[in-house]
Amino acid sequence: MKTYKLLMAYCFFLIGSSQLNAQESPQVFPNDSMTLAQAFINLSLTKDYFDKLSDERLSKILPFETSELETIIDSLFTRKNATLYNFTYSLLYFNEVKLLFRNSPNTIQRSILIEWHDTLKKAIEHYKSTNYDIWEENVFYDLIKFDGNTYSQLGRNIQDLKNEFTPRFNNDVYPDFKKIFYASKRSKKYDFRRLLHYASLYDLSLNLSIIGNRTHSVLKPYSSIDQTYELDMKLDLIARYIQLKYMASDQYTKDLTPFDVEQLYDSYDSFYNDIIDSNAKVREDAFIKEELNPKVCKVLYNELQTKFPFRKIGRGPSGVLSRIESGAVPIEIKQYFFPNPAPLPSTNETFNKFKPELTTLGKLDTYISNLFISAGYKNKLHYYYDLDGYAMTTSLEKYNINGSPIEGDKRWVKNLGGDGKFSYYEIFKSLFFETESEFRMFALVIASKEVTLSHVGLSPGGAQDLIKNSHPSLPNDLKNKTLPDKNLTVLVYHFHQNDIGEVPMLDLSRKLTVKDYLKNAGLSNLIKN
């Protein structure tokens, strides 16, 4: 294995030094090329396997990769390779903030939350500077597995983390917003600077357009990831109430045109509608219930009317415009089909005249799905249209070498790490982690016709795409369909991943039969008479 690592490192060096910066310039930066590419791979793997790594190991990996990246000081190199350079730094900061998040105490101080925010902000800034969409095809990127999927996945991961942080950031400044509210109510101090200060701690999307007499929403830059965090409805209602209260007070002395007045009342309508239409969690909040209720809105409306008299046709006694209920828009239902011919499986078997007493597909599905649920496949079944019946697959699962299911969350996998393509990413992945594993997916086809098989096997990526493009249950239009003479075809897709650098490969050895796989999975009753 040591010789293998040295050989790979040598090959990696040669290719990296000659092709990494080929996207724009023929100049060679051999040391920086290898350092950057290796950092990208290690940080990608760290992200993908983050939950499996201990804090001790992460605390070694991240500082090491930081020091490695800091050795790249050639500005010409970083400019010529800005795409991979920025993406790698985005990976670094994303992993750092994940570690901070994982090690957070039960009681989180503001300083910790700000550290989360500032570290993730660095990840977002570098991600947005990657400019993935404008790079040209690069052979070296293929070898290290830097592609559109890698780019998009990190974007989704960052957005998911933002979604985790958003309620925590809002909750942290909620008490401060309430203090500013009480100050405006009791002392008529409308401190918009403090509102902006607390919102800016976490880039919360505070909208103060009412006092600017503009009712448009805050514009956000066009980007796959926005730096701003959504302001919680509770905080937004406070901010809008203070603005409207300020407009109704003697402290607001600007003259308004008739158009400005109409916009002001449109802002009030929006505020009032959000008060009465907000979700139960907002309405039942003790502060909102006490301080921002319809009764308070009525007082506010009367104050606005005293200062800015206004009437409009269609406005009700509470000052709210009646809303027009739009007609129902038909929704197109997409139909997902199982491949025909079916991808070549590890093994397959057809059982003729299957369960003739179960006359409808709905009854048959109830029988089959109950068996799978009893074997641990609850919420792991996927449905498709196929032939004159239907097909069903299980999610990809990792299982023990003896065929028995793995207990707990480790059983189910979303990504097998490749689509049959050999790459340096897969090589270093195998050196970075223990990867020997067995994966399987069952596919069942119920139809009156014979299932035909392709000569091409199912790839790991193909399995993942198949699961993604499926129905969560048997489509309604198939439930009452009858098939008097139906066959059950069971196909098993078994992928093996070893520890010497191979991507998961479909096992076509036929060492095990369908009955063997079903028995190992606890599904023998499926084919018993």
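Reader: What makes Glu-56 and Lys-60 a salt bridge?

Author: This is a predicted model, in which local features need pLDDT of at least 70, side-chain atom pairs count only at pLDDT 80 or more, and totals for chains, interfaces and linings use all residues. Residues are numbered from 1 along each chain as its sequence is written, and side-chain values use heavy atoms, with hydrogens and water left out. A salt bridge needs a side-chain nitrogen of Lys or Arg within 4 Å of a carboxyl oxygen of Asp or Glu. The closest N and O atoms of Glu-56 and Lys-60 are 3.9 Å apart. That is within 4 Å, so the pair is called a salt bridge.

Reader: Where do Glu-56 and Lys-60 sit relative to each other?

Author: Both are in helix H3 (residues 55–70), four residues apart. That separates them by about one helical turn. Helices here are DSSP runs of H or I, at least four residues long; strands are runs of E, at least two long; both are numbered from the N terminus.

Reader: Why is Glu-56 called exposed?

Author: Its relative accessible area is 54%. Exposed means over 50%, buried under 20%, and partly exposed in between (1.4 Å probe, protein chains only). Glu-56 is over 50%, so the label is exposed. Lys-60, at 55%, is exposed too.

Reader: What makes Asp-172 and Arg-110 a salt bridge?

Author: Their closest N and O atoms are 2.6 Å apart. That is within the cut-off, so the pair counts. Asp-172 lies in helix H8 (residues 148–187) and Arg-110 in helix H6 (residues 110–128), so the bridge ties together parts 62 residues apart in sequence.

Reader: Is Asp-172 buried or exposed?

Author: Asp-172 is buried, at 18% relative accessible area.

Reader: What does the bridge between Lys-515 and Glu-349 tie together?

Author: The closest N and O atoms of this pair are 2.9 Å apart. Lys-515 lies in helix H19 (residues 514–520) and Glu-349 in strand E2 (residues 347–351), so parts 166 residues apart in sequence are tied together. Lys-515 is partly exposed at 42%, and Glu-349 is partly exposed at 25%.

Reader: What makes a group of residues a nonpolar core?

Author: A nonpolar core is a set of buried Ala, Val, Leu, Ile, Met, Phe, Trp, Tyr and Cys residues joined through side-chain atoms within 4.5 Å. The largest one has 92 residues. Leu-120, Phe-177, Phe-271 and Leu-292 have the most contacts inside it. A second, separate core of 32 residues includes Leu-361, Ile-446, Leu-474 and Leu-526.

Reader: How many helices and strands are in the chain?

Author: The chain has 19 helices and nine strands. Buried residues make up 50% of its 529 residues. Among contacts between residues at least 6 apart in sequence, 80% join residues at least 24 apart.

Technical notes:
Contact means heavy atoms within 4.5 Å.
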